[in-house]
Amino acid sequence: MTWVHAEGRDRGRGGTLGGERILIALGGNAMTAPDGSATPDAQAAAIEAAMERVAELVAAGARVALTHGNGPQVGNLLIKNQLAAGVVPPVPLDWCGAQTQATVGVMIMNALERALAARGAARPVSTVVTRTLVDAADPGFAAPAKPVGRYFPEAEARRSMALGEVWRRFGDRGWRRVVASPEPLEILDADAAALLLDAGHVVVAAGGGGVPVARADGALRGVEAVVDKDLAAQLLARRLEATTLVIATDVEHAMTGFGTPRARPLHRTTVAELTALAAAGHFAGGSMGPKVEAVRRFVAGGGRRAAIASLARLGDAAHGRAGTVVEG
């Protein structure tokens, strides 16, 4: 097959993207049905729809790298761990991360290649199963707080706690496992992603924040943790020398005063203003907070533009015309 490196115009969306490097971080809404279901068919349909949006940017001439969340997928594997624990040994979280990177990566490759071919802009799409370095002494390991998997009754949680897992009660919804979410320090396999991007591939890397590893006795070892996908995305974007980072989620903007009568969408902002707003507590730690911190770090570290926007406005967000846009 002959791969065509499309450097054309952004069809109907205004402006050229010739050669611009864009890192797109896809949220969980791009991987599941609108009701959150994560059946194989629902995941495939959601990824097909998301790749239509991504294909528009690639066909417009952008050099695109992708990363993605994997919460629902890892949650499904954790359920299998629990149900089959008496038959096969449960696998650790770093194994779950690696498995879901490969699974989601293959679905993205197939869907994006079809969408590009339909536009006459075929090019190769590759997935790099990616490790992310964390510090074994990160304070997150001493106080796990990141919820993973589904809610369970107390009796089921107690059985898992007896095996060494940490669980927490979340009100009437039940009990849920919590794990460490350490600070990502380095995307270890970013060099492979960079080589593929330079060669004209669309690259999928650091899915789910990357497989968390730490150094122990001079060697890398997988750890029981979940790395925040958005914080890892900004590290990957900087390593790939992306000019733009777009975090695609299920809302149109970040909000100031969220949950209060003073709630307002945040349109255009700067690193300085975003830093002040975050310090004032405008962004919830478990949801919008990491996204805001990721775009802040990316632009502060030299990126030209970052945006938090809905998947439906992906192209406009890449141009700085939709979502919460951070520049300078």
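# Reading helices and buried residues in a predicted model

Me: Where is Ala232 placed?

Reply: Ala232 sits in helix α6, residues 229-239. Helices (H or I, at least four residues) and strands (E, at least two) are DSSP runs, numbered from the N terminus. This is a predicted model, in which local features need pLDDT of at least 70, side-chain atom pairs count only at pLDDT 80 or more, and totals for chains, interfaces and linings use all residues. Residues are numbered from 1 along each chain as its sequence is written, and side-chain values use heavy atoms, with hydrogens and water left out.

Me: Is Ala232 buried or exposed?

Reply: Buried means under 20% relative accessible area, exposed over 50%, and partly exposed in between (1.4 Å probe, protein chains only). Ala232 has a relative accessible area of 0%, so Ala232 is buried.

Me: Which residues is Ala232 in contact with, leaving aside neighbours within four places in sequence?

Reply: Contact means heavy atoms within 4.5 Å. On that basis Ala232 is in contact with Pro184, Ile187, Gly209 and Val227. As for Ile79, 153 residues apart from Ala232 along the chain, the two C-alpha atoms are separated by 25 Å.

Me: How do I read the way two helices pack?

Reply: Two packed helices are described by the angle between their axes and the distance between the axes. Axes are lines fitted to C-alpha atoms, for helices over the stretch in contact, and angles run from 0 to 180 degrees between N-to-C directions. Take α6 with helix α8 (residues 288-300): their axes come within 8 Å and cross at roughly 15°.

Me: What is the name for the way α6 and α8 lie to each other?

Reply: Angles under 35 degrees count as roughly parallel, over 145 as roughly antiparallel, 65 to 115 as roughly perpendicular and the rest as oblique. α6 and α8 are therefore roughly parallel to each other. Their crossing is right-handed; a crossing is left-handed if the near helix is turned anticlockwise from the far one by less than a right angle, and right-handed if clockwise.

Me: Which residues meet between α6 and α8?

Reply: From α6 come Asp230, Leu231, Gln234, Ala237 and Arg238, and they meet Pro290, Lys291, Glu293, Ala294, Arg297 and Phe298 in α8. By class, this contact has five nonpolar, one polar and five charged residues. Ala, Val, Leu, Ile, Met, Phe, Trp, Tyr, Cys and Pro count as nonpolar, Asp, Glu, Lys and Arg as charged, and the others, Gly among them, as polar.

Me: At what angle do α1 and α3 pack?

Reply: Helix α1 (residues 40-59) and α3 pack at about 50°, with their axes 8 Å apart. They are therefore oblique to each other, and their crossing is right-handed. The contact of α1 with α3 has 14 nonpolar, one polar and three charged residues. Among those that meet are Ile47, Met51 and Val54 in α1 and Val104, Met107 and Ile108 in α3.

Me: How far do α1 and α3 reach from first C-alpha to last?

Reply: The expected span of a helix is 1.5 Å times one less than its number of residues. α1 has 20 residues and reaches 28 Å, close to the 28 Å expected. α3 (residues 93-118) has 26 residues and reaches 37 Å, close to the 38 Å expected.

Me: What covers the buried residues of α1?

Reply: The cover includes β1 (21-26), β2 (63-68), α2 (71-83), α3, β9 (202-205) and α9 (314-318). Ala42, Ala46 and Ala50 are among the buried residues of α1.

Me: Which residues have a positive phi although they are not glycine?

Reply: One is Ala206, with a phi of about 55°, in the loop between β9 and β10 (211-216). Another is Glu241, with a phi of about 60°, in the loop between α6 and β12 (244-249). Ala206 counts as buried at 1% relative accessibility, whereas Glu241 is exposed at 62%.
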